[in-house]
Amino acid sequence: MMSTPVADVRDVRIAAGDTTLVDGLTLTVGAGERWGIVGPSGAGKSLTAAAVAGLLPPGTTATGSIRVDGTELVGTSGTAVRGRGVALVAQDSAVALHPLLTIGRQLALPLRRHQGLDRSPVDELLAAVDLPPELARARPAQLSGGQRQRVALAGALACRPRLLVADEPTAALDPPVARALLDRLDRSLTATGTALLLVTHDLGVLAAVCERVVVLAGGRVVESGPVPEVLAAPQHEVTRALVDAAQLSVPT
Ligand SMILES: Nc1ncnc2c1ncn2[C@@H]1O[C@H](COP(=O)(O)OP(=O)(O)OP(=O)(O)O)[C@@H](O)[C@H]1O
């Protein structure tokens, strides 16, 4: 018997008032699968990621069905699945982390909230993303961008969610720091068996991290399939343009 999909998204429309931003979105993420979302600017990638994480921005609404770990999110605040079902890592964790709380406090909070633990293994969480225990006493402003993203990753994976949604998690990082974070992400997902929905504009990152891809344009899915096949033989003009642009940007 097949296990429950981690995310089962059926015919989803996301709108702001009367304006449709994403339409007809259907996507199934199986246990442990790694999916990428690519597409041009404004295609609806971030809104899709936010909807699956149960964190649509204020002023937007979704219809259709988004089941995460078997729980329907449409029409709810998403809190039922956050932490153990799904967690989100955003582009720049500087905005996601509380500026006044120490890293140790911030990492301890989700564990207490979702697992009811009194004492949280903060040191272990930091070690899992290759950060030293002393960092628990620091505040976000004292960390580099790469360290902050690692802390965000540690926090997101603290409750071993079935699905991690990551929206351009390396966009604000220099290439070597970005590579190290993705390597860490890869190993952490393997260790926890967590599935991934990764928004990226970088087809190199997509090919390195994801098995399957969904291509969005104008708020609609225009193509999806295994990453090697889609990149080798893109069927839609939007995908072809993305592949061509990526080849142009490869240094010779
Ligand atoms: N809170 C919002 N209210 C109204 N419109 C929004 C809101 N958030 C996004 N949009 C619009 O929805 C569309 C899709 O936005 P989204 O951020 O998902 O695109 P994206 O593919 O992630 O783009 P980018 O690659 O530039 O980040 C855009 O036209 C955007 O202006």
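Which residues come nearest to the ligand? Of the 13 residues around it, the nearest are A16, S41, K45, S46 and L47.

The mean pLDDT of the protein is 88, and 92% of its residues reach 70 or more. For the complex, the predictor gives an ipTM of 0.98 and a pTM of 0.90. Where pLDDT is low, the predicted coordinates should not be read in detail.

Back to the ligand. Sorted by class, the shell around the ligand has seven polar residues, five nonpolar and one charged. Helix α1, residues 45–52, supplies the largest share of that shell, with three residues.

So, helix α1. Is this helix mostly covered or mostly open? It is mostly covered, with seven of its eight residues buried. The buried ones are K45, L47, T48, A49, A50, A51 and V52. Just after the helix, G54 takes a positive phi of about 70 degrees.

Take A50 as an example from α1. Why does A50 count as buried? It has 21 C-beta neighbours inside 10 Å, and the cut-off for buried is 20 or more. Leaving out residues up to four places away in sequence, A50 touches L55, L56 and P57. A50 also pairs up in space with a residue from elsewhere in the chain: D167 is 117 residues away in sequence, yet the two C-alpha atoms are 8.5 Å apart.

The largest nonpolar core has 74 residues, and V52, L163, V165 and L197 have the most contacts inside it. Helix α5, residues 145–157, gives the most to this core, with six residues. What does V52 touch, not counting residues up to four places away in sequence? The list is A7, V9, I66, V68, V86, V165 and L197.

Some of those names bring us to the sheet. A7 and V9 fall within strand β1, residues 7–16, while I66 and V68 fall within strand β4, residues 61–68.

In what order do the strands of the open sheet run? There are four, in the order β2-β1-β4-β5, and the pairing is antiparallel. Strands β2, residues 19–29, and β5 stand at the edges; each has a single partner strand, so one side of each is left without a neighbour in the sheet. As a reminder, strands of a sheet pair through backbone hydrogen bonds, either parallel or antiparallel.

Now the pairs one by one. β4 and β5, the latter being residues 71–72, are joined by two bridges, and V68 stands opposite T71. These last two strands form a hairpin with two residues between them, and D69 in the turn has a positive phi of about 55 degrees.

Last, a contrast to A50. G204 is found in helix α7, residues 203–209. Is G204 buried or partly exposed? It is partly exposed, because 14 other C-beta atoms lie within 10 Å. The C-alpha atoms of G204 and A246 are separated by 8.1 Å, although the two residues are 42 apart along the chain.

That is the end of the talk.

How values were computed: Residues are numbered from 1 along each chain as its sequence is written. This is a predicted model: local features need pLDDT of at least 70, side-chain atom pairs count only at pLDDT 80 or more; totals for chains, interfaces and linings use all residues. Two strands pair if DSSP finds at least two bridges between them. A residue is near a molecule or strand if its C-beta atom, placed from the backbone, lies within 6 Å of it. Ala, Val, Leu, Ile, Met, Phe, Trp, Tyr, Cys and Pro count as nonpolar, Asp, Glu, Lys and Arg as charged, and the others, Gly among them, as polar. A nonpolar core is a set of buried Ala, Val, Leu, Ile, Met, Phe, Trp, Tyr and Cys residues joined through C-beta atoms within 7 Å. A residue is buried if 20 or more other C-beta atoms lie within 10 Å of its own, exposed if 12 or fewer, and partly exposed in between; C-beta atoms are placed from the backbone. Two residues are in contact if their C-beta atoms, placed from the backbone, lie within 7 Å. pLDDT is the predictor's confidence in each residue, from 0 to 100.
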